[in-house]
Amino acid sequence: MILSLPGMLFLHLHEPELVIAELKRVLRPGGKLVITDIDDGLFGIIEPEIEDFHLLLNKLTTVQKKGGGNRLIGRQLPRLLKAAGFSAVELEMIAAHSDVQGAEELAETLNPERLRGLADSGILTTDEFRRLSTAIRELRTEPDAYAMMLFLMVCGTKK
């Protein structure tokens, strides 16, 4: 039995270790748990580069942390599975590249309107919002632009 969760779930969890323990409890012996999530420290590549992009990621990480989540969860997942008693813990990187998946697949991720709520709540200053929105719009119209996002897939087997 393989238990594969919806991607990008664990970054939202306040106590991921409790969720992993419960998933292990309901998994049959020999069953495999598969988790796919992010780590903003390994976000990926956007070309041409956006000067304030790491500022945005840092602010998103701070906001997520205040809400009980963790945008850096990917680096912790192997240890969380091992601590829960899973064996054969493995980690793989998954890359999504706009040249492979198509620019439209990543277009929503690079939608400047997604930043409006951050500006409205004061997380981004008006100037940061303007600069980031302009840079993202320019990126989306640049014919040679591309984006590659990295995801982590961690799996472990219940003994």
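## Pocket lining and fold of a predicted model

The lining of the largest pocket is made up of 18 nonpolar, four polar and four charged residues, where Ala, Val, Leu, Ile, Met, Phe, Trp, Tyr, Cys and Pro count as nonpolar, Asp, Glu, Lys and Arg as charged, and the others, Gly among them, as polar. The model is a predicted one, in which local features need pLDDT of at least 70 and side-chain atom pairs count only at pLDDT 80 or more, while totals for chains, interfaces and linings use all residues. Residues are numbered from 1 along each chain as its sequence is written, and side-chain values use heavy atoms, with hydrogens and water left out. The protein has seven helices and five strands, these being DSSP runs numbered from the N terminus (helices: H or I, at least four residues; strands: E, at least two).

**Confidence**

- The mean pLDDT of the protein (the predictor's confidence in each residue, from 0 to 100) is 90, and 98% of the residues reach 70 or more.
- Confidence is highest in helix H3 (residues 77-83), with a mean of 98, and lowest in helix H5 (residues 103-107), with a mean of 68.
- Where pLDDT is low, the predicted coordinates should not be read in detail.

**Overall fold**

- Read from the N terminus, the order of the elements is β-α-β-β-α-α-β-α-α-α-α-β, and the C-alpha trace spans about 50 × 35 × 20 Å along its principal axes.
- Of the 159 residues, 40% count as buried, a class that stands for under 20% relative accessible area, with exposed meaning over 50% and partly exposed in between (1.4 Å probe, protein chains only).
- Among the contacts with a separation of 6 or more, 82% join residues 24 or more positions apart, a contact being heavy atoms within 4.5 Å.

**The largest pocket**

- The volume of the largest pocket is about 550 Å³, taken as the space filled by probe spheres set on grid points that are joined across faces, edges and corners.
- A pocket here is an open set of points, on a 1 Å grid over the protein atoms alone, where a 1.4 Å probe fits, with protein on both sides within 12 Å along at least five of seven lines; lining residues have an atom within 4 Å of a point.
- The lining comprises 26 residues, and those nearest the centre of the pocket are Phe43, Leu60, Arg71, Thr109 and Arg114.
- Helix H2 provides the largest share of this lining, six residues, and both H2 and strand E5 (146-157) supply at least two residues each.

- H2 (residues 53-66) contains 14 residues and reaches 20 Å from its first C-alpha to its last, close to the 20 Å expected at 1.5 Å a residue, the expected span being 1.5 Å times one less than the number of residues.
- Phe53, Leu56, Leu57, Lys59, Thr61 and Gln64 are the buried residues of H2, and they pack against strand E3 (44-47), helix H6 (116-120) and helix H7 (126-141).
- Just after H2, Gly68 takes a positive phi of about 95°.
- Asp52 lies in the loop between E3 and H2 and counts as buried because its relative accessibility is 12%; leaving aside residues up to four places away in sequence, Asp52 touches Arg131 and Leu132.
- Pro48 is found in the loop between E3 and H2, and the peptide bond that leads from Glu47 to Pro48 is cis, with omega near 0°.

- Leu139, in helix H7, is buried because its relative accessible area is 6%, and, not counting residues up to four places away in sequence, it touches Ile46, Glu47, Pro48, Ile50, Leu110 and Ala145.
- Although Leu139 and Pro48 are 91 residues apart along the chain, their C-alpha atoms are separated by 6.8 Å.
- Gly117, in helix H6, counts as partly exposed because its relative accessibility is 45%; Gly117 and Phe129 are twelve residues apart in sequence and 9.9 Å apart in space, C-alpha to C-alpha.

- Met8 has a phi near 65°, a positive value in a residue other than glycine; Met8 sits in the loop between strand E1 (2-4) and helix H1 (16-26) and is partly exposed, since its relative accessibility is 31%.
- Ala88, which is not a glycine, has a positive phi of about 50°; Ala88 belongs to strand E4 (residues 87-97) and is partly exposed, since its relative accessible area is 48%.
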